[in-house]
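Subject: Structure handover

Hi,

Here is the structure I promised to pass on. Please open it beside this email and follow along.

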Amino acid sequence: MDRTTPPLTVLLAVALMSMAALAYEILLMRLLSIVQWHHFAYVIISLALLGYGASGSVLSLMGQRARTHYPVLLIVSCLGFAITAAGGFLLAQKVSFNPLELLWDPNQWLRLAAVYTLLLWPFLFAASVVCLTLARFDRKIGLIYGCDLIGAAVGALGVIGLLEYFFPLTVLGFLAALGCIAAACVWFGLALKPIGFVPLLLLMAGGLFFAMAGGSFELHLSPYKPLSQALSASGARVVGERSGPLGLLTVVENQKIPLRHAPGLSLGRNARLPPQLAVFTDGDGMSAVTRFDGELKPLAFLDRMPSALPYQLLHHPKVLVLGAGGGMDVLQALYHRADSIDAVELDPNMITVVNEDFGDFSGHLFANSRVEIHVAEARGYVASNRKRYDLIQMGLLDAFNTAASGLHALNETYLYTVEGIRTYLSRLTPGGLLAITRWIRIPPREELKLFAACIKAMESMGIKNPRSHLIWVRSWNTITLLVKARPFTPNEIGSVRQFIRTRGFDPAYYPGISPGEANRRHRLPQPYYYQAAVAILNADRGFTSSYKFDITPATDDRPYFFHSFKWSSLDELWSLRIHGGIALIDSTYLLLVGTLVQLVILSALLIILPLIPKAVHLQSLPRGRVLGYFFAIGIGFIFVEIALIQKFILYLSYPLYAIAVVLTGMLLWAGVGSGSVELLRNHFPALTIWWAVAAILCLVVADVTILPWLIDTTAAISAGLKIVLSLMLLAPLAFCMGLPFPLGMSQGVVSNTKEEAQASWISWAWAVNGCASVTGAVLASLLAIHLGLTFVLGMGLAAYLLAGLLLSRTEHWQ
Amino acid sequence: MKSLLWLIVLLPLHAFGNETDAYQSDRERLLEEIRHDFRLTAPMIGNDRPDPKVEKALLEVPRHLFVPPENRSLAYHNRPLPIGYGQTISQPYIVALMTDLLNPRPDDVILEVGTGSGYQAAVLSRLVKHVYTIEIIESLAKLAKVRLEKLGYHNVTARIGDGYYGWKEHAPFDGIIVTAAASHIPQPLVDQLKPGGRMVIPVGGQFLTQSLLLVEKNDQGKVTTRQLLPVAFVPLTGKH
């Protein structure tokens, strides 16, 4: 075997393990979102990903032994991944961790740590395969790193494809089996004896796959998730299930204690609700499918909810329902004799459930002659469709979050941003209405953000007096906001008042409202909504700044509609947590901060640990420069990647396209870039880090300049063409982003260290880079919440500039 | 299995008489905490102390016998606790507040929708003539029924079933407690509320009570709601 070139099968093993690891990360997000909640999944995975950094630290400590025992360590790492990927998750399910008790019970933190620890191992083993190979074949770092990135690219795309057709636990079996296949590749490639182990390893792969896919194991949902709660009721049973990359849909029927879902239903005399089925997405986000046999009379309850308000002002409207879900808003439009209904639903499985699986029950609702269903993301659908509507209706579908399945998406949503509202308003007919219904939270938070966003959107459209264009009506638990591009007429206001009076609702705002009207039937401690509406309409900055939650409107650059936390309120909220105030604390945000703190501490440990023992020969290079360089390129890559994913979500509409295209495209081209380093240096011996950094800077600026123009001019073209255009934009950038790692390794580390210290240095640099990427992902989310995605992108570029400065004078590395 | 373990715990409940007394000081300390929370939230709830009768009931009912054995040491902490089946026993302060909001009188007949562990029903039973309680989770309902009987709460009648339609045979009620908010307030429950009666519903998830919804029916039968924050929090600072 050539001592400096890895065999092809070993490169294949590296690619397979990287593929499996990235697929496992995405799958874990799915699995943990099902058994727990999405934001806890994000936190847990962020910590577990430190396995990447840990692999470098451990191997750095091993030094030359990592090279000496390369074959054994490589096989152990591949098999270690296989066993811990499957076993780690199954064991983690046994830990009785209840995130809802984190603020009550300190023991839950220990359980959370146990979950992290169990899930960290697969990442550690997978990353070890790459790191070991980098250290062993240090002349081919570009090629190996390229295989790592290309493998990850295939993993990102492949797992989404697998989730389309298989249940998550089956996919887990498949990924675990990849570990065994990688081990077989290594065994064969390194010509290890006995050769008979190769079929044995392949048999193991098959065994693992069938064990996981055979149905012997199942997902244990938290008993506090809405699905678990629904199933605990006497008579409840699961009657249908569909799995896809957007979520696991579970249909529940209960004939003994029927589901009765009618958000905000009036307290007055209501007709009996027709039978309903509950559809849960990932055990949460319930949507109701209502029995419909063509008779409108049983649907009378749909006229007694705040969301029925727009139908009092419109006759036979052309309606666009954003977020069809189980079809309640579509039924409401049918009940009010809408002329035509376009309904948009993100998850095709939801449409199949309503229209086919339970088509007889729902009356094949989406196939109704007046209904046209579209599988699309809401904002993207409106942007790419030039059709105009009398009513655009957005119901209570929080699960209809653009980035619900996003890798790094902590509740980003482009549905309720200022730019989003402007897009909706621009698609209304003259006199048309935008109607948005939200759940009420006491004290109000995102409801006020929405109101403020509508005002900003109208102002940006040149509407000088938004106060005449808004009506806000609430029950005790839902609130409906009407926005009209033209002022509401006195007749319309009269109809609204009658609607409010006959159904026992309260006005929060309408043109000409008197303060005394705002808090009569469903009384709040104060007329919060009215007060806020008046203050926001009067541009009272003091109100916004002194309100104890962040109610500044969400924008496309800061698409955090659900984020309302203010640091200035933390002291007060924290002191009130055991005095009835625990629900006021935005624990999601604090968890993100807590995660970052843990990541910083643990990363510091992982980076410092290999420097302590004297046995490790780490003295020969300037530690600060190595640390700074590999940390900077780790941060730079992840910041640019996260910001671009978010920017492309708006262009590609469908979040899965965006994640798959941007992530896969960037990793793939970065892999090609990395793999080409040797070739490039042969042809251009003057190739330095500055070339790469300068190209990255220019290409990012070019991409973000072109993207808004592309969004405007090509919104209506086919999705396939959009993907091609996106890849054309991303490819050169990603190619250049693949260069700094192998350049740093070859020009900085390998060429300036002695042979016996190289393994330690390479592993340490790998650890630093891994820790930076993981910490950077969480830091990027926090920065985006406060300062916006453009700032994150800018910081990413600054990190690359810093890297350029650190590597530009390699004599300082000697 | 879990049910069996609980039954084993429930059977010798009568033997807990002395142990119950051992928790008396814990209950008194807990009551002090509840009073403190009431004082803090007085501007929000309009009451700086629970009704003395409610306080007495809280001192009498052995909360530790309504929580699973593994959480018994936490029974008198002012926090919600898991009781199995994805359900919780509410934070004692919230129980006190909800009970107080019902304004219970000795001749009252109360309906509870969502028996849970039976603790809320037990507290109410010390204050009113009769409590009817309905639970939709069969296992939980059976356990609560046995527990309430064993502990001598004879003026509580429990059954398994759908709380949406209330309990028509014993309606109308002076007060109704619904332990978890649904997407809407069931009309049959409103109908079964006496004129002048009150219904209390906690809004929020398990472990997190966001607000309390008080449904009031006046003497003319007109229904209004009031949403109360169970916490001393004003969303605006003093400038506004």
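Chain B has a mean pLDDT of 87, and 90% of its residues reach 70 or more. (pLDDT is the predictor's confidence in each residue, from 0 to 100.) Residues 1-18 of chain B have a pLDDT below 50. Beyond near neighbours in sequence, that stretch has 23 contacts in the model. (Contact means heavy atoms within 4.5 Å.) Chain A averages a pLDDT of 90, and 96% of its residues score at least 70. Its pLDDT stays under 50 over residues 399-409. There the model has 45 contacts beyond four places in sequence.

Some ground rules. This is a predicted model, where local features need pLDDT of at least 70, side-chain atom pairs count only at pLDDT 80 or more, and totals for chains, interfaces and linings use all residues. Residues are numbered from 1 along each chain as its sequence is written, chains are lettered from A and ligands numbered from 1 in the order in which they are written, and side-chain values use heavy atoms, leaving out hydrogens and water.

Now the interface. On the chain B side, 52 residues are in contact with 57 residues of chain A. About 4,700 Å² is buried between the two chains. (Buried area is the accessible area, with a 1.4 Å probe, that two parts lose on being put together, summed over both.) Carbon and sulfur atoms give 59% of that area.

Next, helix packing in chain A. (Helices are DSSP runs of H or I, at least four residues; strands are runs of E, at least two; both are numbered from the N terminus.) Helix α1 (residues 8-35) packs against helix α7 (residues 141-165) at about 40 degrees, with axes 6 Å apart. (Axes are lines fitted to C-alpha atoms, for helices over the stretch in contact; angles run from 0 to 180 degrees between N-to-C directions.) So α1(A) is oblique to α7(A). (Angles under 35 degrees count as roughly parallel, over 145 as roughly antiparallel, 65 to 115 as roughly perpendicular and the rest as oblique.) The crossing of α1(A) and α7(A) is right-handed. (Left-handed means the near helix is turned anticlockwise from the far one by less than a right angle; right-handed means clockwise.) Contact residues include A:Leu11 and A:Arg30 of α1(A), and A:Cys147 and A:Asp148 of α7(A). By class, there are 16 nonpolar, 3 polar and 2 charged. (Ala, Val, Leu, Ile, Met, Phe, Trp, Tyr, Cys and Pro count as nonpolar; Asp, Glu, Lys and Arg as charged; the others, Gly among them, as polar.)

α1(A) also packs with α8(A), at about 165 degrees and with axes 9 Å apart. That makes the pair roughly antiparallel. α1(A) passes α8(A) in a left-handed crossing.

Further along, helix α15 (residues 418-426) of chain A meets helix α16 (residues 446-460) at about 60 degrees, with axes 8 Å apart. This pair is therefore oblique. The crossing of α15(A) and α16(A) is right-handed. Their contact has 8 nonpolar, 1 polar and 2 charged residues.

Last, the backbone. Where are the cis peptide bonds? One joins A:Lys193 and A:Pro194, with omega about -10 degrees. A:Pro194 lies in the loop between α8 (168-189) and α9 (197-213) of chain A. Another joins A:Ile442 and A:Pro443, with omega about -10 degrees. A:Pro443 sits in the loop between β9 (428-439) and α16 of chain A. In chain B, B:Tyr85 has a positive phi of about 60 degrees, although it is not a glycine. B:Tyr85 is in the loop between β1 (81-84) and β2 (87-89).

Best wishes
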